[in-house]
There are 2 protein chains.
Amino acid sequence: VTDAVPRAEIVSVGSELLTGATVDTNAAFLAGELTRLGFEVAGVRQLADDRRVLATAFAEARARSALVVVSGGLGPTHDDLTREGLADALGESLAEDPALVERLRKRFRAYGPMPATNLRQALRIASAQVLENPIGSAPGWWVDRDDSVVALLPGVPSEMRRMWTDAVSVRLTSRFDLRPLHVRTVRTFGLGESMLAERLGELVATPPRRGVTIGIYARDDGVHVRFETRADGSVVDALVERVRSLLGDDVYGTDHDELPRVALAALAQAGAASVSTVEVGTDGALAAILAGVPAEDGVARFAGGLVLADTSAVSAPPPADAVLRLVLQPASDSGRSRAEVSLDGPPSLSLTTDRVRIHGSGPQRLRRSAFAALDQVRRAAVESAASRSPHRAPL
Amino acid sequence: VTDAVPRAEIVSVGSELLTGATVDTNAAFLAGELTRLGFEVAGVRQLADDRRVLATAFAEARARSALVVVSGGLGPTHDDLTREGLADALGESLAEDPALVERLRKRFRAYGPMPATNLRQALRIASAQVLENPIGSAPGWWVDRDDSVVALLPGVPSEMRRMWTDAVSVRLTSRFDLRPLHVRTVRTFGLGESMLAERLGELVATPPRRGVTIGIYARDDGVHVRFETRADGSVVDALVERVRSLLGDDVYGTDHDELPRVALAALAQAGAASVSTVEVGTDGALAAILAGVPAEDGVARFAGGLVLADTSAVSAPPPADAVLRLVLQPASDSGRSRAEVSLDGPPSLSLTTDRVRIHGSGPQRLRRSAFAALDQVRRAAVESAASRSPHRAPL
């Protein structure tokens, strides 16, 4: 086992990425996966469907990095040139693979005659192994030559992700000597980034051990403190516990503890098996978030929600054990707004706040107000539990 | 005026872009803006906060392209290294700019003492002009040297966009000889990409004039046919009319005609001044979309919506002149699902469909079902208008 972390690069191919017509979500997915597996992602590029540009970029990336993951440009049309670009970079030539031709014909039997142009998808260089695409017509390639691996994946996100999971990640873990990244996250709500950094003090300023990186990320569902290490995971576990105790009730969970689920669990704990919502000024952000929480024992069921444009509409929410109300005021010129949150429900958990500050603009402001309402429910449960537990005198 | 289209490159700086923690939306915004202004975007890169890597990348990009637009890495902390990277690439040194120091101190007066580390944001190279940042602490740079321009912008999307609009785009149009791109879009609903391409036939296969590019993009609100040219815009206008007549009622608009607004206008036309919604299985996608349509004369007002988890809940939607109901069935194993749409409202526009096919998965499936419901409303209006207009015999 060596200490070196292998370098990877990501290339996304498609002229639509260079005209702003499409946001490249594939690169972020692949970057996350490669980092987690144990690669250092040294760079990401988006490039046009241009054979010469691609050939140069592939050759440069292979010279620098042990792995190059490419998505896009594997379609059947004349402007899908990823195959040609890699062939040029490697000095190999393309030839029809009879097995791929047969596979394409079989696939098209269900849809009618195969356009002749699709035969381009049966082209292969000698050093490429085929990666199956069970849900699309573009096969992928795995090219392991001269101490460097290039993987070509389709650009359609669902096909790319499926091929990654089924075929690429397993090959990578057996081909490379990888130390996976340990990632742990502490999730908070109600603190700004700078306030949070101040509360954590030297913990953030000077990481306590080499090999641990700390990131603070502002998200719609609060500020996340993220620790990463390729070394011993227990170091990071201890840091997580220290952050929890420094931040107290502003922490709502760790790792995969989602705020909506935490709030719905607090409601169930307080005796409400179901909850419905009434929201004004949020374009339905609260209902959208709650509707997305999977049903589960010990978690209140979302019975439905009422989305209103203003407070004048008179209508009743779907019947439920508890009703959560959220009114988001329009944003001021300085970009701040406030939300009013109330909960009619179990006596131990009723709440009325008339001033939660919401920052941000656009859809972000709306989603943040919904998370702020859910955080109010969580806090009410924390306070209610604290008031019920007897204060103990120190022994 | 020369015929050459100046090349631009985009660099997004930030290690969080290489670990998958953040999706790079800045690059897509800048790519769209640069293309529209009249640049050819030759490449986009995401790079880590690494001084040497950045210096190399900036030098390479300047050698290839007339313009390099960089976002990110202008913050106050030690890992914000974009300034240093560009100074190295240009062989210049950084010095504190007294005017920038004063500006920072003034800005911080409102918040309390300025951390010393923020002084890094007052550093400047001699050839950099300062770009004002009215809503953040990171000033931008405009560096015009040796026939190549580099613009440094903050990474926070709202600050980047504001600086782009206020300071960068105007400088670019006066500095470069640009021919803006003419873009026109035909928006359709109800046709798949390949069916649409078949209906358009040779119009798509062989563009009728040089200098016009045609793209077909599947979006949640239907399939868009996009024409672009840097030459005479009237060529593209004629193409748009030809596509409209080839596709008939599957076209719901052009350019900025949004489907929700088209449907709400159809409702107003039929006599419904307001509409409310009841939706099941969609996580509130329909209410979210309708709530986002700005109020306007001639367009039905969205009075509110009821979001339900299943059809068993009994509750009334907010009162309105028309009620649009959408029930989305769970997706089958093959990834298809169907939606039922009905409208109680003006007699001329009532509708019941029990089978609209919805493709896709995840949030996309939900949004597509909402757009499918709105398309049903639009189609009902088209059919109602057709049945009212007397059939004329040819002269």
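In β14(B), G305(B) is the bridge partner of V307(A), and this bridge belongs to an antiparallel pairing, over five bridges, between β14(B) and strand β14 (residues 301–308) of chain A. Here strands pair if DSSP finds at least two bridges between them, while helices (H or I, at least four residues) and strands (E, at least two) are DSSP runs numbered from the N terminus.

The model is predicted, so local features need pLDDT of at least 70 and side-chain atom pairs count only at pLDDT 80 or more, whereas totals for chains, interfaces and linings use all residues. Residues are numbered from 1 along each chain as its sequence is written, chains are lettered from A and ligands numbered from 1 in the order in which they are written, and side-chain values use heavy atoms, with hydrogens and water left out.

Across the interface, 45 residues of chain B are in contact (heavy atoms within 4.5 Å) with 45 residues of chain A. The area buried between chain B and chain A, that is, the accessible area (1.4 Å probe) that two parts lose on being put together, summed over both, is about 3300 Å², of which carbon and sulfur atoms give 52%. The elements that give two or more residues to the side of chain B that touches chain A are α1 (25–37), β2 (40–47), β10 (212–219), α10 (285–291) and β14 (301–308) of chain B.

Chain B is superposed on chain A by a rotation of 180° with 0.1 Å of shift along its axis (RMSD 0.1 Å), by least squares on the C-alpha atoms of residues with pLDDT of at least 70 in both. That is the relation of a two-fold axis. Because 100% of the interface residues of chain B are also interface residues in chain A, the copies meet through the same surface.
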